[in-house]
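Colleague: Please walk me through this model. Keep it brisk.

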Amino acid sequence: VFHGIVIAGTRAKKIRAHSYDAFTSVNFPVLASVHDGHLIRFIPQGNLSGAVRFQEAMNDSIAVLKLIPGSRPGLLEYLFEHYDCLVIESFGLGGIPESIREEFYAQMRYWESRGKAVVIATQVMNEGSDMEVYEVGQQVKKDFHLLETYDMTLEAAVTKMMHLMALYPGDNEAVRENFYHAVNYDILYRQSVDAGHRMQDSVLTV
């Protein structure tokens, strides 16, 4: 809650250093606002079930690589060697640029079999990534078991990976499966795509 606006924590991003309206909600509407001490909800609060559980273990062996023109391929080897997970902030809709693709493939073939995880994100704040738009992104996703942030914020994706890697050490399939489970509105795109596929399948079946 900041400046009278209630934002889902998984969608909050600080965009101003000094202003009162320093935070914004990325790819998701604000949950509520506060006026004269009254809470006005725009999105109804969901029903909670089960006891509250706290997960304190976090695996901080994760690095973020923000690609820029001229990024040197040697960075990949160093980061893969020293971290369990690499989050790559790529250009536009996401993907691996031609300048580092050969080295990326070589490093991925070596490190993926050793349990290293890779998450592809975009540097663009709004609307998210979609590697399947272009052929090069499609090929990379076909060749390797990458995770993609879609409409998640970078902060939410990094925190989620720290949590999941601690919860399922060495089990990349469990990490992958749970990465796409929505937690407090953190991801919508994957769910809507899967729902669309299920709808299409049901139509075809009929």
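Modeller: Terms come first: helices (H or I, at least four residues) and strands (E, at least two) are DSSP runs, numbered from the N terminus. The model is predicted: local features need pLDDT of at least 70, side-chain atom pairs count only at pLDDT 80 or more, and totals for chains, interfaces and linings use all residues. Residues are numbered from 1 along each chain as its sequence is written, and side-chain values use heavy atoms, leaving out hydrogens and water.

Colleague: Where is Ala-57 placed?
Modeller: Strand E5 (38–41) lies on one side and strand E6 (62–66) on the other. Ala-57 sits in the loop between E5 and E6.

Colleague: Is Ala-57 buried or exposed, or partly exposed?
Modeller: Buried means under 20% relative accessible area, exposed over 50%, partly exposed in between (1.4 Å probe, protein chains only). Ala-57 has 38%, so the class is partly exposed.

Colleague: Leaving aside neighbours within four places in sequence, which residues is Ala-57 in contact with?
Modeller: Contact means heavy atoms within 4.5 Å. With those neighbours set aside, the partners of Ala-57 are His-163 and Ala-166.

Colleague: What distance should helix H4 span?
Modeller: H4 (residues 154–167) has 14 residues. The expected span is 1.5 Å times one less than the number of residues.

Colleague: Which side chain has a polar contact with that of Gln-107?
Modeller: Gln-107 is in helix H2 (residues 98–111) and is buried, at 9% relative accessibility. A polar contact is a pair of N or O atoms within 3.5 Å; within protein, one must be able to donate a hydrogen and the other to accept it, and residues adjacent in sequence count only if both atoms are side-chain atoms. At 2.7 Å, the partner is Glu-103.
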